[in-house]
Amino acid sequence: MNHCLCTAGVHKYLHGRTRNAISTLTIGDNLPDMLSFYDRASYYNLHDSRNTTMAKLYGGRWRVVSGDLGEGGQSVILRVVDDYGEYNGEFALKRIRNPWRHQRFQNEITAIKRLEHPNIIKLIDHSALDDVNSNNDKQFLVMPIAEGKDLGKPSRYKLYSGALDSVLLVSITIAKALQVAHLANVIHRDIKPENILFTGDGHDLWIADFGICLLREQPRNTPDGEVVGPQNYMAPELEAGGNLEVTPAADIYSLGKVIYFMISGGIVIPRERLHEKRYSAILSAGEKTRRTGILLSQMICLAEPSCS
Ligand SMILES: Nc1ncnc2c1ncn2[C@@H]1O[C@H](COP(=O)(O)OP(=O)(O)O)[C@@H](O)[C@H]1O
Ligand SMILES: [Mg+2]
């Protein structure tokens, strides 16, 4: 294992933001989750007409085989095959549920297209982008299936509990892919275990779900005051909603919490609202685990001067 994360400043990221995010909290704090506006909107859209999506043909060619792949706050993921026969095998079709999120859907397509990288989900096909209407069945994208499931599933994250070398490998892979995104002006803003997908053999991963990404060259899509980010993985600067300057550091912060989630065998550090007493108390306690220390010491670049 090469311990030097020299490539394009990954080391700098991990040494800075990640260290802050994962080293200062107490393991196992079971503080209540609090839903942001975004989370609540997602929840209420979750249980819509899922059953009616079966037996449909998307884009005139993608035939639904089953609906077993998963769902998120904004979408349902269906297993499909290509009736045209251009692509062999099964694929994952993401059907977007909220027509009013059309701009975000466009951003997701733009981001994935822009980021050609082995560890970023690939785009096979998508619906028309200029089709703004009330029929959200028309908004879909097609990607390869991650048969290895997402990192949020116990069958996946339990593999990493205490397995430092594996955690390190996954963390470096995510960090490098994120850096490619950041250099291309894409901030993911939703880094969490459920958005890290694994191939069938589990040897490779994709960062997926660019549904709330920020394309830095574009005006913000976030309505004033809306908080956008993963509930428990959100960087504190995202707490204030749409008006703050968001930088790549927000993704690195979330990655830090994902790393903690892996090495701890699934402990989710609750969202830190820095202004709340109970959180500031935890943060000021500065506790960290031995494992986290070991992991970080492996991440910090010691070997080559070119790393700085
Ligand atoms: N390509 C895929 N292959 C297999 N499962 C997937 C794939 N994409 C997404 N999923 C599953 O569906 C869930 C929701 O997908 P996601 O793109 O994150 O939607 P949302 O934007 O609604 O969160 C993921 O957490 C994962 O479990
Ligand atoms: Mg998701």
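Between which two strands does the loop that holds Asp-209 lie? Asp-209 sits in the loop between strand 9 (205-207) and strand 10 (214-215); helices (H or I, at least four residues) and strands (E, at least two) here are DSSP runs, numbered from the N terminus. Before we go on, a word on ground rules. This is a predicted model, so local features need pLDDT of at least 70 and side-chain atom pairs count only at pLDDT 80 or more, while totals for chains, interfaces and linings use all residues. Residues are numbered from 1 along each chain as its sequence is written, and chains are lettered from A and ligands numbered from 1 in the order in which they are written.

Back to Asp-209. Its phi is near 60°, a positive value in a residue other than glycine. Asp-209 counts as buried because it has 26 C-beta neighbours inside 10 Å. The cut-offs are these: 20 or more other C-beta atoms within 10 Å of a residue's own make it buried, 12 or fewer make it exposed, and anything in between is partly exposed, with C-beta atoms placed from the backbone. Asn-185 also has a positive phi, near 70°, without being a glycine. Asn-185 is in the loop between helix 5 (164-183) and strand 7 (186-187), and with 14 C-beta neighbours inside 10 Å it counts as partly exposed.

Asp-209 also leads us to the ligand. Among the 20 residues around ligand 1, those that come nearest are Gly-70, Gly-72, Ala-92, Ala-146 and Asp-209; a residue belongs here if its C-beta atom, placed from the backbone, lies within 6 Å of the ligand. Strand 2 (62-71), strand 3 (75-82) and strand 4 (90-96) each supply at least two residues of this shell, and strand 2 gives the largest share, three residues. The shell draws at least three residues from each of domain 1 (10-27 + 148-299) and domain 2 (37-143), with the bounds taken from an automatic or database domain assignment.

Strand 4 is also where you'll find Arg-95. Arg-95 is buried, with 24 other C-beta atoms within 10 Å.

Now for the nonpolar core, meaning a set of buried Ala, Val, Leu, Ile, Met, Phe, Trp, Tyr and Cys residues joined through C-beta atoms within 7 Å. The largest one has 65 residues, of which Leu-93, Ile-207 and Met-262 touch the most other members. Helix 6 (residues 249-263) provides the largest share of this core, ten residues. Both domain 1 and domain 2 give the core at least three residues each. In soluble globular proteins, nonpolar side chains tend to be buried together.

Helix 6 itself is mostly covered, with 14 of its 15 residues buried. Its end C-alpha atoms are 21 Å apart, which agrees with the 21 Å that its 15 residues should span at 1.5 Å a residue (the expected span is 1.5 Å times one less than the number of residues). After helix 6 comes Gly-265, whose phi is positive, near 75°.

Pro-154 lies in helix 4 (residues 154-157) and counts as exposed, with 10 C-beta neighbours inside 10 Å. The C-alpha atoms of Pro-154 and Gly-266 are separated by 7.6 Å, although the two residues are 112 apart along the chain.
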